[in-house]
Amino acid sequence: MDPFRRFVPLDNASAGAGHSCAQPGQQVEATRKGGARLTPLLLSTSGRDLMRIAIAGAGVAGSYLYRLLKARGFREVELFDIRHRIACGIHPCGYGVDDQFHSAVRQVGLDPARYILHVPPRVLAAIEGVAAETTVFMIDKPALLRDLRFDAEIRYEPVDVARYDLVVDATGETRAYSTPLQDDLKARVVQWRVRVREPAMTGFMPTRGVPGYAWVMPLSQDGREVHVGGGTGAGISASAKSLTRPAFGSLDVESVICACGARIRLCGPDFDRIVHQNVWAVGEAAGLVGPASGAGNVYAMQSARALADNLGDPDGYIRTLRQKFSLLVPEAKAVRKVVTGRWPSPVDLYHIRSGWTRAGVRVAWRDLPRLALAMGRAYRAELA
Ligand SMILES: Cc1cc2nc3c(=O)[nH]c(=O)nc-3n(C[C@H](O)[C@H](O)[C@H](O)COP(=O)(O)OP(=O)(O)OC[C@H]3O[C@@H](n4cnc5c(N)ncnc54)[C@H](O)[C@@H]3O)c2cc1C
């Protein structure tokens, strides 16, 4: 079966506009009944719970923040999003997390075990034949989002910024309510959920002809439902087919469940542009995605926690984010070099490797030159 026949890119999705996708399905709707019970974690006694807070974006960061604030007794919290027509109901999906996921989820009174779909072997011999140690595993992200939003009635309309004490920009790569970034960098990502005839193993491999990587990640314990995708630097016109050919090459696809395209922010955080008046960015809107790995789920939750802990204290919020995420800045610089076709220096390679490690994928130092050469060969192969 040719999975590319079902592919509809979402690359042109814009702020406030509805998205389209390969397979129409349920919309993101309020989940009044679903989800685990909410346990009050820390009820505010200072009156801050009267703050009027709008959260724009019901993705990981926005939904996590919603649950956390409700648990802390904040009553005037409203969650906004835009409509999607996507089989899984969320955009973007992105199912992989590392072991920091457990504590982040426990902090909002949920049981992380509820969301685990597939745990690959700890050591993968998968990145161009180089063994990598990994703590990455796959989660049921739609179920997590449902539980984080538990009682939210999501509003599908623009936020009137002046009506709120605080507007949280949790709109991901769109960054719809924050000031524009001077040096933004986004990668194009394409992805499928497919069923395969033979069980698949987790694997990462370079895209062909352009700097980027493709992946195969099982979404079920039997390895027969699989997340397949590939990502590359923005502005490089590579077809979805060429991006993911190395990944699909190893699979015998039986059926396609859904497919979509998206963008992912790789520029790292610009700490001077996270807070502007009453608009505070969080998660991917704040640039908090690992540029070398594309991992942003856990950072979205961690930054939402930082925001909740520093409500009313913008300097404290930025300080906390700097402490936790400043290493993303040199990592982003190194990645920018690679995706714009320049050779990374040894220091850049150090930061890229550290970025992978932070995302739960560890490659031994001695394997780095071999990996870099293999990836270089792969990028050039298609161009030759
Ligand atoms: C294809 C793909 C695969 C990925 N795979 C992984 C992975 O395996 N592991 C990992 O850790 N990370 C992955 N990522 C990154 C990860 O998905 C994001 O970093 C993470 O979802 C960021 O969370 P967020 O809540 O900040 O933003 P998002 O999850 O992007 O949520 C933003 C929300 O804002 C909404 N929105 C957009 N515009 C507006 C608007 N104008 N008004 C209101 N709402 C709006 C969107 O509909 C969405 O619900 C992947 C990203 C992509 C694109």
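Which residues does Ala-304 touch, not counting residues up to four places away in sequence?

Analyst: The model is predicted, so local features need pLDDT of at least 70, side-chain atom pairs count only at pLDDT 80 or more, and totals for chains, interfaces and linings use all residues. Residues are numbered from 1 along each chain as its sequence is written.

Leaving out residues up to four places away in sequence, Ala-304 touches Ala-61, Tyr-64, Leu-65, Leu-68, Val-282 and Gly-283. Two residues are in contact if their C-beta atoms, placed from the backbone, lie within 7 Å.

Ala-304 also belongs to the largest nonpolar core, which has 107 residues. Such a core is a set of buried Ala, Val, Leu, Ile, Met, Phe, Trp, Tyr and Cys residues joined through C-beta atoms within 7 Å. A residue is buried if 20 or more other C-beta atoms lie within 10 Å of its own, exposed if 12 or fewer, and partly exposed in between, with C-beta atoms placed from the backbone. The members that touch the most others are Ile-55, Ala-56, Tyr-64, Leu-65, Val-168, Val-282 and Ala-304. Helix H5 (residues 297–309) gives the most to this core, with 8 residues. Helices (H or I, at least four residues) and strands (E, at least two) are DSSP runs, numbered from the N terminus. In soluble globular proteins, nonpolar side chains tend to be buried together.

H5, helix H1 (60–71), strand S3 (96–97), strand S9 (186–196) and strand S13 (253–265) each supply at least two residues of the shell around the ligand. The largest share, 3 residues, comes from H1. In total 37 residues surround the ligand, and the closest are Gly-59, Gly-94, Gly-172, Gly-283 and Gly-296. The shell divides into 19 nonpolar, 16 polar and 2 charged residues; Ala, Val, Leu, Ile, Met, Phe, Trp, Tyr, Cys and Pro count as nonpolar, Asp, Glu, Lys and Arg as charged, and the others, Gly among them, as polar.

S3 lies in an open sheet of 3 strands, ordered S3-S7-S4 with antiparallel pairing. S3 and strand S4 (116–118) are the edge strands, each pairing on one side only. Two strands pair if DSSP finds at least two bridges between them, and 2 bridges join S3 to strand S7 (residues 137–139). Phe-137 in S7 is the bridge partner of Val-97.

Strand S9 contains Val-196, which counts as buried because it has 21 C-beta neighbours inside 10 Å. Beyond residues up to four places away in sequence, Val-196 touches Arg-224, Val-226, Leu-251, Asp-252, Val-253 and Glu-254. From C-alpha to C-alpha, Val-196 and Glu-254 are 4.9 Å apart in space, although they are 58 residues apart in sequence.

Finally, the chain as a whole has 9 helices and 16 strands, and 51% of its 384 residues count as buried. Among contacts between residues at least 6 apart in sequence, 74% join residues at least 24 apart.

How values were computed
A residue is near a molecule or strand if its C-beta atom, placed from the backbone, lies within 6 Å of it.
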